[in-house]
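Hi everyone, thanks for making time. Let me put the thing up on the screen, and then I'll walk you through two parts of it.

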Amino acid sequence: MTDTKTASTPQWGMVIDLDLCTGCEACVVACHAENNIRIAGDEQAARGRSVNWIRVERYFEGEFPDVRVRFMPVLCQHCNEAPCEPVCPVFATYHTDEGLNAQVYNRCIGTRYCANNCPYSVRFFNFNDPVWPQPLQNAWNPEVSVRSKGIMEKCTFCIQRIRKAEIAADEENRPVREGDVVPACVQSCPTRAMSFGDMADPSSQVSRLARSERANRLMDDLGTKPKVVYLKGLREG
Amino acid sequence: MSEPSGSNAMTGFSDARINADLLRSVFRTGKWWYVTVAVSGSVMLAAGAAFLYQAYTGIGIAGINRPVYWGFYITNFVFWIGISHAGTLISAILRVTGAQWRRPITRCAEAITVFALMIGALFPIIHLGRPWLFYWLMPYPNERGLWPNFRSPLAWDFFAINTYLTGSSIYLFLPLIPDLAMLRAKSTGVKRKIYSILSLGWRGTPRQWHRLERAVQIMAIIIIPVAVSVHTIVSWDFAMAIQPMWHSTIFGPYFVVGAIFSGIAALIVAMAILRKVFHLEAYLKPVHFNNLGLLLLTMSLLWFYFTFSEYLTGYYGNDPAEMRVFWSKVNGPYSPLFWAMIFCCFIIPVPILAFKKLRTITGTLVASIGIVIGMWLERFLIIVPTLAAPRLPYNWGHYSPRLVEILITVGTVAYFIFLYAVFTKLFPIVAVWEYKEGIRPGEESLTVRESEATAGVTAD
Amino acid sequence: MRRSTAENITGIVDSPREARQAETCLTDEGFARDAITIMSAEPLAEFISELGSKSPGRAGMLSIAGGIAGAGAAIALTVWTSRRMGLVTGGMPIITPWAFGIIVYELIALGAILTTFVVTIYEAGLLRRGAIDVEVDSAIADGKVAVSVSCQNDTSRRVAESVFSKLGAKICGNKTVDSTFTKPTKHLRGGRV
């Protein structure tokens, strides 16, 4: 259970190109399907309980008729110095060797301190047991657990897909290749605005994009060292 | 010591009279005691049932949501831990500084501390998403590689509150032993047996008195830093987070001052009620309310100083995220509560407490009730507005409490009243031996204040 | 009737001053200081300060020792166990001196508190088996002072009784005895309590 990080351990990261994002929210839908995210329903959503591990934030700039809409998909940034990690009293959230911020569902007792400390507001709590209107439970992904009440959850970078790729690579005695791991959101983006891969590999697509002139990170002045890189055009419009 | 111990020249009260007055609550039960216990007991049970229902169906029946993940329960938690500083200030600080006027009120204050802590310690369990697993906060040996995270302020809370609760209980129990011996002597039957066991075989020899007084002195010295650390650590639940208007270095001292402030106010309320209900007018005298009122005035000014510093520096800092929270409190959706808090904690109490003519028992009581309400609002306003306005504006939200939270809040107040009523039935609420020790004439312990207070009082 | 090799005769007097008189008379008659026990419902400053200068007790030193023990326990609890558990943190520190220091602080206080409590119970002679004379107990509760002297034989018993009757003290015989702690009262001999 000790840290086993080596030079060849992949450090997963994501790049999102805001100039390509159309705000279609296909990533949101794909994430729901892949990760068995609960359906909140009208009443609970109105009370602020809807769960979207990735959400597209929409900000309007300017007055009519010069209105511009900015779309920003926000998901768990898997910060290298995550503020959510030191404050969980039972170690339900911790940092893995591969750079992921992991949430251990079974360990969470629901103090919700981690969610209060996340500046990106990407943590979601299960206030009640999830209700799945028939026959939607048939759409469950068998590789992902369904969370009961009292547990905190958030984006895992589709860790089930990461593990699957790593197991397959292990069986074939090779390292994980570029493009082996595709999280659901990245897979479903129609404009291919999102990329995912190993940041520790300087030749991977995410590493190259992260070195681009347009790269920046969300609220990195807070010192959280987020691992999601946003590409934003230097020119307005 | 040149007086026969049968009477007291200052108050004119005989020993027998003092015993009768102070032990009356233990030996005689009025109808209103039963009513109080019945009403508070049933409200308490209703709240317990509400909690069990919440644990069963999920915390979703409460009003908390995303982004306001902490609401009434954490407000109550901080509030009750704050109230618990009453006993420490009165009992410990006044003992250490040798203030003689503290004598009739030490036990009342220490009881408030223990019960407020017991209730405050419940809330971290009540607010959990999975409360049946609360014991995972304890470091116990296991085969699964589980261990609490000592870096988390909530883990520090666990140690701090347990230490304070243990210390306060012992600090309440030690000076209670001689009174338990007195109750043993005056009871019969099963009661006598129970008091015999509780009094641990106390005889009242000089050796025992010396050891006891020494122990109480040592405990008083230890418990003061513990109390300071407990509320500092509770404040660090917020200050250690990076949220706007939480991550403030002032929170440690701010909360301690606020705790002592609300603690004294709660003590005054409790004393005023006890004085009326148990006819202790000759023991809990205007001088006590006057002195506590002066302390309360000092704490009100200190509290305002800290609040003003906190808000002014935030305002000058002009950090956008902080200013959003700031304005939401000052002239936004939370402004009615904010200005009510300033009214209740500063604008109303200071004139009442500053003028001697107004600093009567009624005056201090009115000020104290306002302060208790105002300090509850202060806790609420520290927690909720920050959570309601997170950095990314897309996620702003609001909070309104639901029935279960209100019921549990009221239920814990009822629980407090219940515990207090049972306490006054089992033990004398004024420490008899300590009171008598203070009124012996010729003792160097008799201060000018005390003689002022006792002069002119006739035995009625 | 208590049957033991040493018997206690208790005289009830009205005030601390009379108790001092009784003590002086008894010592004049040859009783050892240690054999005389004063009991009262309030702390009597003179007697207490006399005893305090003779045997100040060790509560202070021992509570400091208890605090140190608490600190050691806290360090073992936090540092040693966290290392042994081998928890994964992905590079974040597992041993944080400031955070662990807070827990050490609390457990120092807890150690000192518990030690003070235990040492006080022990040094005050509480929780020991012994019968409490009901009549003496209620007299003390009513504000009187009891002077108890341990007598080795019949002669000393009579001497003690005469001293008490001369002073006008009410002498307590061995009437109803509180049976909560019912073993014979060996420890009351010699005025240890």
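So, chain A has six helices and ten strands, counting DSSP runs numbered from the N terminus: H or I of at least four residues for helices, E of at least two for strands. Its radius of gyration is 18 Å, close to the 18 Å that the globule rule gives for 237 residues, so chain A is as compact as a globular protein of that length. That radius is taken over C-alpha atoms, and the rule is 2.2 Å times the number of residues to the power 0.38. Along its principal axes, the C-alpha trace of chain A spans about 50 × 45 × 35 Å. Of the 237 residues, 54% are buried, meaning under 20% relative accessible area with a 1.4 Å probe, protein chains only.

A quick word on ground rules: this is a predicted model, where local features need pLDDT of at least 70, side-chain atom pairs count only at 80 or more, and totals for chains, interfaces and linings use all residues. Residues are numbered from 1 along each chain as written, chains are lettered from A and ligands numbered from 1 in written order, and side-chain values use heavy atoms, leaving out hydrogens and water.

Now over to chain C and helix H3, residues 59–85. What do its buried residues pack against? They sit against helices H6 (153–186) and H8 (206–239) of chain B, together with H4 (97–123) of chain C. Among those buried residues are C:Gly66, C:Gly67 and C:Gly70. And just after H3(C), C:Gly86 takes a positive phi of about 65°.

Definitions and conventions:
The expected span of a helix is 1.5 Å times one less than its number of residues. Buried means under 20% relative accessible area, exposed over 50%, partly exposed in between (1.4 Å probe, protein chains only). Contact means heavy atoms within 4.5 Å.
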